[in-house]
Amino acid sequence: MGSTSSTLLKIPNVEELVQETGFSPAHIIRLYDRFKVLDKEGRGHLCPQDFGAIKELAMNPIRDRIISAFFSPGKETVDFNTFVRILAHFRPVDKDRPKDPNSPEPINSRSNKLKFAFQLYDQDKDGKISRDELLKVSSFFILLSSHKLNMTDSRLIDRFSGTC
C-alpha cells in the first residue's frame, strides 16, 4: 500500500483527475505506469511517435485519427493529465455516478463521448462531417470486413458509396 500512496503523490492533481474522469486511484496509477513506459526518454510528455509502441493501436484503421485526438492544434506533446482525460472518453458511461448540479458533466458522459467521436470524423475541424470524411473512415471499416467476406475492395466501396 505504501508504494500506491507514493505513486499517487507523484501525480499532479490526482484528486481532480479521479473526480473528472471517474477513474479509480488504482486505475490512475496503472495509466501513470503505462504513460511512463510510453515516455521512454522520461521527458514527462508524449509525442505522436510515442504512441507507436501501443500494439493494439497499430492494428486500428483509424489509428492516426485516434492519436491526433490527444493533441490540440499546434501542440506536439501531451502531458499525463491530458492523456488521462482523453482516455476517459473510452470509459463506459458511469450510470451509477451521482450527478452534482454544480459539477461539470463527466468526460465520459454520452454527450461528451459523442462530441469526441464526431471530432474523430471531422478531420478539417469545420464542425461538419463531409461525405468524403465519412467515406474515408467508413471505408477503413468496410475494407476490414471485406477481407472476412472475400469481396473486392472496389466493389465494396462502390456499394457503400451508392455508385453501384
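In this predicted model, the second largest pocket has a volume of about 340 Å³. Its lining consists of 18 residues. Those that lie nearest the centre of the pocket are S68, A69, F71, S72 and P73. Three helices, α5 (63-69), α6 and α7 (110-121), each give two or more residues to this lining. By class, the lining of the second largest pocket comprises eight nonpolar, six polar and four charged residues.

Two packed helices are described by the angle between their axes and the distance between the axes.

Helix α2 covers residues 14-21, and its axis lies 10 Å from that of α6, at an angle of about 15°. Angles under 35 degrees count as roughly parallel, and α2 is therefore roughly parallel to α6. The crossing of these two helices, α2 and α6, is right-handed. On the α2 side the contact is made by E16, L17, E20 and T21, and on the α6 side by F80, N81, V84, R85 and A88. The residues of this contact between α2 and α6 fall into four nonpolar, two polar and three charged.

For α3 and α6 the crossing is right-handed. Helix α3 takes part in the contact through I28, L31, Y32, F35 and L38, while α6 supplies F80, F83, V84 and L87. The contact of α3 with α6 is made up of nine nonpolar residues, with no polar and no charged ones.

How values were computed: Residues are numbered from 1 along each chain as its sequence is written. This is a predicted model: local features need pLDDT of at least 70, side-chain atom pairs count only at pLDDT 80 or more; totals for chains, interfaces and linings use all residues. Side-chain values use heavy atoms; hydrogens and water are left out. A crossing is left-handed if the near helix is turned anticlockwise from the far one by less than a right angle, and right-handed if clockwise. Helices (H or I, at least four residues) and strands (E, at least two) are DSSP runs, numbered from the N terminus. Contact means heavy atoms within 4.5 Å. Ala, Val, Leu, Ile, Met, Phe, Trp, Tyr, Cys and Pro count as nonpolar, Asp, Glu, Lys and Arg as charged, and the others, Gly among them, as polar. On a 1 Å grid over the protein atoms alone, a cavity is a set of points where a 1.4 Å probe fits but cannot get out, and a pocket is an open set with protein on both sides within 12 Å along at least five of seven lines; lining residues have an atom within 4 Å of a point. Grid points are joined across faces, edges and corners, and a volume is the space filled by probe spheres set on the points. Axes are lines fitted to C-alpha atoms, for helices over the stretch in contact, and angles run from 0 to 180 degrees between N-to-C directions. Angles under 35 degrees count as roughly parallel, over 145 as roughly antiparallel, 65 to 115 as roughly perpendicular and the rest as oblique.
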